Amino acid sequence: MKQDERILSPEVIKEPGWRGYASDSLLAISGVALVTGVIAAAHLYPRIPSISLTYLLVIITLASARGRYAAILAALLASFSFDFFIAPPLYTFGFTRMEDLLDPLVFLAAAILTGSLTSALRRRVEQAKSRERETRLLSEQAQELACLQERQRLARELHDSVSQTLYGISLGAHTAREALESDPGEAIAPLEYVIALAEAGLAEMRALIFELRPESLATEGLITALTKQVVVLRTRYKLTVEAQLGEEPALSLERKHALYRIAQEALHNIVKHAQASTVLLQLDRQDDELVLEVRDDGRGFDPTVPFPGHLGLRSIQERAARLGGICSIESTPTQGTRLHVRIPAHGEPVPPEEVSERQR
């Protein structure tokens, strides 16, 4: 309902027709009367023969501001007023020569043409405003959908990782308590199991909290964020991870966020699809570019054949393209996967339509 209300906003509701015609008539009469009064009082005609063209200013102004009706009415009133009050013989109305029709025809033509052009322009402006409102609405809907999907993903992560970790800690603690009652020496193994699960759960929670607070990139930095992801892979998924991250790069927050999301998506694909045991995460600066490489020794895949993980790879490619960078993916079944992303350290983001054009 709120979305429908935004579309049917009060801006598009026009005032009643009779009020509009009344105000247009009043403006036309006032404008023509003012011009006629000035010309007559100052005796500008016939001293200045072209002074009648002054009426065109009133006609064009009314056509631009009020529309065709006001302009045509002003044109008719201007023709009558000029012939009756200004052009000799005074206070008579009639067209005795063909030349007398020239001014009325010019006035009417100017009113109709200007009014038509103004109406067309107004329609285009209204259409543009309508499209802008629709685009804004679609953008808001896309943001709401993205937030919903992110909440659902975090809920799954909490259920699949932290909840199971806490359940494992609970089981391990009960086992250790039972062992302490019978044989204290047998309690060491379940206690170590509890400690390992607690460390894995802590690392997982830190990573999830970081995702809930992306502004931490500005305070803690990209290297810290990537390090937290590495800790999760090591403690929870028991992967051997070699991290070569170097020093904190001097990047805008937008580029840091994009690089973090790219690395996060790549590591997520490794955990979900690769069945790897070793992972390499490398971030390096080469000249005026940042190079991110993620490599694993998993089962690999054929990049030309669709599979569920390709949606994440497309997201990675789009993020890199928006920053004016390039993304290459090398993979062969049973021989692992290599993701190589190179983006400039500076520059303006590429418009979405240009990104789509490049990817075709």
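This is a predicted model: local features need pLDDT of at least 70, side-chain atom pairs count only at pLDDT 80 or more; totals for chains, interfaces and linings use all residues.
**Whole chain**

Show everything as a cartoon. The protein has 11 helices and five strands. Color by burial next: 35% of the 360 residues count as buried. Switch to the surface. Now consider contacts between residues with a separation of 6 or more: 68% of them join residues 24 or more positions apart.

**Helix H2**

Select residues 17–42. This is H2, with 26 residues. From the first C-alpha to the last, H2 reaches 38 Å, close to the 38 Å expected at 1.5 Å a residue. Show side chains for the buried residues of H2: Gly20, Asp24, Ser25, Ala28, Gly31, Val32, Val35, Thr36 and Ile39.

**Ser331**

Move to residues 326–331, strand S4, and pick out Ser331. Ser331 counts as buried because its relative accessibility is 12%, below the 20% cut-off. Display its neighbors. Leaving out residues up to four places away in sequence, Ser331 touches Gly300, Phe301, Pro303, Gly336 and Thr337.

Two of these neighbors deserve a distance label. Draw one from the Ser331 side chain to the backbone nitrogen of Phe301: a polar side-chain atom lies 2.9 Å away. Draw another to the backbone oxygen of Gly336, which the Ser331 side chain reaches at 3.2 Å.

Definitions and conventions: Residues are numbered from 1 along each chain as its sequence is written. Side-chain values use heavy atoms; hydrogens and water are left out. Helices (H or I, at least four residues) and strands (E, at least two) are DSSP runs, numbered from the N terminus. The expected span of a helix is 1.5 Å times one less than its number of residues. Buried means under 20% relative accessible area, exposed over 50%, partly exposed in between (1.4 Å probe, protein chains only). A polar contact is a pair of N or O atoms within 3.5 Å; within protein, one must be able to donate a hydrogen and the other to accept it, and residues adjacent in sequence count only if both atoms are side-chain atoms. Contact means heavy atoms within 4.5 Å.
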